[in-house]
Structure formats: C-alpha cells, structure tokens
Amino acid sequence: MLHDAAVLIGRNAAGHGVIEWIGPSSAARQALGDKPADITLSLRDHIVLPGLVNTHHHLYQTLTRVVAQDSGLFDWLKTLYPIWLGLTSEAIYTSALTGLAELMLSGCTTSSDHLYIYPNDCRIDDEIRAAREIGIRFHATRGAMSLGESQGGLPPDKATEREPDILRDSLRAIETYHNPGRHAMLRIGLAPCSPFSVTTDLMRECAALARSHGVMLHTHLAETHDEDAYCLGQFGMRPLDYAASVDWLGNDVWYAHGVHFNAGDIRRMAQHGCGVAHCPTSNMRLASGIAPVRLMLGAGINVGLGVDGSASNDGGHLLAEARQAMLISRLLPMTDSVGQPALGAYEAVWLATRGGAAVLGRDDIGCIAVGCSADLIAINLNRVEYAGGLHDPLAAVVFCAPRGVDFSMINGRIVIEQGQLSTLDLPRVIERHNQISRALIRREPIT
Ligand SMILES: [Zn+2]
C-alpha cells in the first residue's frame with residue numbers, strides 16, 4: 001500500500017479514462033511536465049482503492065425484496081416467479097437504475113447482471129440503457145428459462161421463452177452491444193439460468209453461440225442440495241458433470257455460487273480455467289451453505305464476489321459482501337487440508353477487485369496500475385465507523401461496519417463526489433421504483 005501517493009489519469013485515443021502514472025504526491029507535478037492537469041482532486045484522509053467488481057446480480061429483483069423471507073431456494077423461487085411475471089420494460093429499467101446506484105454507492109464500478117425472465121415487453125436493452133445513463137461499466141448477460149413445470153422444470157410455463165426466440169435475441173444482443181476491446185464499458189454474455197430451468201439443448205446451443213462470437217458464459221451451478229438432487233434425478237449426474245456434458249467447461253465460463261463443489265469438481269474447474277461468483281449473503285439468506293472459497297483459491301480458480309439478486313440478499317452493498325466473504329470463511333475449519341488459513345481482509349478486497357476482474361475475463365480493471373482503466377473509489381477514513389482502526393486502513397474498511405464510498409470514478413469520469421451520485425436523480429428513481437414494486441407485490445398492473 002502506498003501513502004501520500006498520487007495518480008495521474010488521462011484519456012486514450014478512444015476516449016477511455018486510463019491510469020497514466022502512479023507515484024509519490026511530491027513527484028506528481030514533475031510527472032505532469034508542462035501539461036497542466038484539467039482537474040486536481042485532493043483525497044487527503046481517504047483510502048483509495050480500485051473500483052469493486054460485482055460478478056453476479058439480478059437487478060430486477062431489487063423490486064421484490066424481503067419476499068419469502070424464510071424459504072430455501074426452490075420454494076423462494078416458486079413464490080417469486082408469479083410476481084416477476086408482472087415485470088415490464090419500465091420495471092427492468094427503473095430497477096436497474098436503483099440497483100446500480102446502490103452498487104456504485106458501495107464502491108462497485110463494474111457489474112455484471114443476469115436477466116433471465118422476459119415477460120411482457122421486457123428486454124435486455126432496458127437494463128443496458130440504465131447502465132449507460134448511470135455510467136457504470138457493465139457486463140449484461142442474456143439469461144433465459146425454457147424448461148417449464150410441464151416439462152419437469154421449476155418455473156411456471158408462462159415464465160419461459162421459446163428456445164429459437166432466446167437464441168435469436170441472444171445473437172441480437174451480442175451484435176448490437178458487445179465490445180470486446182480493452183477498457184470496454186459494455187460487454188454481453190449468455191446465461192441460461194440453471195440446470196432446473198433450461199434444457200440441455202439450450203445449454204449446448206448457447207455454448208456454441210457464445211464461442212462463435214467470443215462472449216462469456218454464465219449460469220447458476222452447485223447452489224443447493226436440492227439442485228444436486230435434481231441433477232442426479234434428471235440427468236444421473238452431479239451439477240459440474242452435467243455442465244461438462246453440455247460443453248460448459250472453459251476459461252470463458254463462470255458459475256454463480258459453487259457452494260456444493262467437491263474436491264474433484266474443484267480440480268476439474270481449475271484445469272479448465274472456470275471462474276466462480278461467490279455470493280455469501282445470498283447463500284446465508286437461503287440457507288444454501290458455505291462455498292469452499294479457500295479450496296478454490298488454493299486450486300488456482302478465479303473467484304470473484306457477487307451480491308446476487310436483491311430478493312435473496314436483500315441489499316446490493318459490494319463492500320459489505322467482501323466483509324461477509326471474510327467472516328463466513330471463518331465458519332469453515334480455520335485451515336484447509338494444506339494448512340491455509342481462512343480469508344483475511346486483503347484477500348477479501350482481492351476477491352472484490354482482481355478476482356472479480358479475472359472472473360469476467362478482464363485484466364484492465366480491478367487494479368490501480370499504469371495502463372488500467374481509471375476506475376477508482378475513495379473512502380474518507382475520518383468516520384466514526386473506522387475510529388480506532390486507522391493503523392491498518394485496508395483492514396478497517398473490511399472489518400469495520402461497512403459504509404458507502406465518498407468518491408468514485410469510472411472510466412475517468414467522476415460519478416460520486418462527497419457520497420452523492422452525480423449521474424442520476426436518485427430520489428425520483430426510488431419513488432418510481434417503489435410504485436412499481438407495490439404494484440408487483442399486489443399483483444396489480446403497473447400504471
Ligand atoms: Zn443468482
């Protein structure tokens with residue numbers, strides 16, 4: 001960690017904000033040469049960190065918090081599916097603004113999202129519009145459900161789509177939006193929802209489509225014992241073996257949860273370079289279990305953090321998720337079979353930054369380094385929450401009660417100053433969000 005450091009940020013030819021120089025504050029003026037800075041910011045008393053990376057979310061679920069409060073995953077889903085059937089294009093857009101605002105205020109500068117239900121006029125374009133307006137770096141994954149109850153799946157038939165429509169719209173999203181370039185603000189991935197809501201055909205066809213266009217693949221896997229039982233009953237295999245059977249192994253694949261991966265699964269994922277989105281709060285909320293993160297990291301698997309959807313968190317605070325990851329790791333034996341201890345504060349921040357970037361297939365974010373994207377956050381340490389912890393500032397922001405960031409820059413653009421989001425009229429969005437939420441929960445039309 002550097003003290004009294006300065007960071008110089010410039011714009012590259014494509015207009016992306018990029019870190020150009022890092023060094024002691026006293027040398028910054030000299031590093032600038034005879035070119036004066038457009039803006040100089042003093043972040044005295046702040047800790048500056050790379051922007052955090054969220055690897056799993058369902059932004060629309062921000063509309064349906066605190067529903068099915070005491071259910072496990074399958075009952076929770078069965079309660080929520082009928083409510084989500086009321087979603088509209090405006091609901092997707094508004095909830096994305098709300099959920100992304102919450103994430104950004106907690107330090108997130110890059111988020112993925114997994115939108116897998118498309119009733120009424122909903123489209124993935126709705127959340128992409130929100131991400132562009134609010135200014136976050138965004139990996140939208142075109143999710144899908146195609147296996148309804150009548151075919152042995154979990155969701156009601158009405159919540160599913162026809163597979164040709166899913167594939168057509170997936171291709172459209174890739175061709176319309178995907179930017180594979182360095183410092184990209186928007187990428188697309190393909191994300192059939194889970195083993196119990198799509199067919200094996202769709203899993204295979206999405207894998208082929210993604211690979212033919214160089215986009216990543218994402219799905220829920222090994223989340224609960226119920227899912228293990230479903231896969232054994234339906235396919236005669238455990239979840240990772242099922243994923244392998246439909247071509248879902250590779251460094252272009254990341255799974256959400258991975259709570260119930262065993263030692264053999266972990267070795268196999270490491271061999272193939274698969275990534276995992278660890279979602280500790282959601283796993284506690286739904287009583288799913290504790291993911292073996294230490295074993296995955298020990299095997300060399302890329303692990304990032306995910307807040308997961310706000311119906312199973314029920315918040316979108318990514319710095320708090322780093323704290324949860326650190327704390328829950330201590331409920332497993334304090335050392336693993338090769339004697340590595342539970343997660344510490346530095347590793348928790350690593351998961352939330354470098355780990356998440358690697359899971360999303362990126363080496364240009366999650367790091368304050370020359371040539372990386374200018375995604376930076378800062379937290380003022382002169383707060384009651386950190387009093388007494390300033391001898392180790394990085395540990396303080398993980399161990400102490402989590403709070404929001406005071407400053408955030410994404411792609412060289414300041415999006416939060418003095419704790420306030422500057423890209424959105426947040427109170428107005430929250431008001432509309434709550435109107436839509438009320439209608440959905442009451443199963444009334446959104447007006
Ligand atoms: Zn999820």
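## Overall fold

Of the 447 residues in the protein chain, 51% are buried. The model is predicted. The chain contains 15 helices and 15 strands. Among contacts with a separation of 6 or more, 73% join residues 24 or more positions apart.

The radius of gyration is 21 Å, which agrees with the value near 22 Å that a compact globule of 447 residues would have. Along the principal axes, the C-alpha atoms fill a box of roughly 70 × 55 × 45 Å.

## Helix 3 and helix 15

Helix 3 spans residues 89–105 and helix 15 spans residues 426–441; the two pack with their axes 9 Å apart, at an angle of about 130°. Helix 3 and helix 15 are therefore oblique to each other, and their crossing is left-handed.

On the helix 3 side, the contact is made by Ala 91, Thr 94, Ser 95, Leu 97, Thr 98 and Ala 101. Helix 15 contributes Leu 426, Val 429, Ile 430, Arg 432, His 433 and Ile 436. By class, the residues of this contact between helix 3 and helix 15 are seven nonpolar, four polar and one charged.

## Helix 12 and helix 13

The crossing of helix 12 with helix 13 is right-handed.

In helix 12, the residues that meet helix 13 are Leu 318, Ala 322, Arg 323, Ala 325 and Met 326. Their partners in helix 13 are Ala 345, Ala 348, Val 349, Leu 351 and Ala 352. The residues of this contact comprise nine nonpolar, no polar and one charged.

## Pro 24 in strand 2

Pro 24 lies in strand 2, which covers residues 17–24. Pro 24 has 12 C-beta neighbours inside 10 Å and therefore counts as exposed, since the cut-off for exposed is 12 or fewer.

Leaving aside residues up to four places away in sequence, Pro 24 touches Asp 4, Ala 5 and Ala 6. For Ala 6, which is 18 residues from Pro 24 along the chain, the separation of the two C-alpha atoms is 5.7 Å.

Note on methods: Residues numbered from 1 in each chain as written. Predicted model: local features only at pLDDT ≥ 70, side-chain atom pairs only at ≥ 80, totals over all residues. Helix = DSSP H or I, 4+ residues; strand = E, 2+ residues; numbered from the N terminus. Rg over C-alpha atoms; globule rule 2.2 N^0.38 Å. Buried ≥ 20, exposed ≤ 12 C-beta atoms within 10 Å, placed from the backbone. Contact = placed C-beta atoms within 7 Å. Axes fitted to C-alpha atoms, helices over the stretch in contact; angles between N-to-C directions. Parallel < 35°, antiparallel > 145°, perpendicular 65-115°, else oblique. Left-handed = near helix turned anticlockwise from the far one by under 90°. Nonpolar A, V, L, I, M, F, W, Y, C, P; charged D, E, K, R; others polar.
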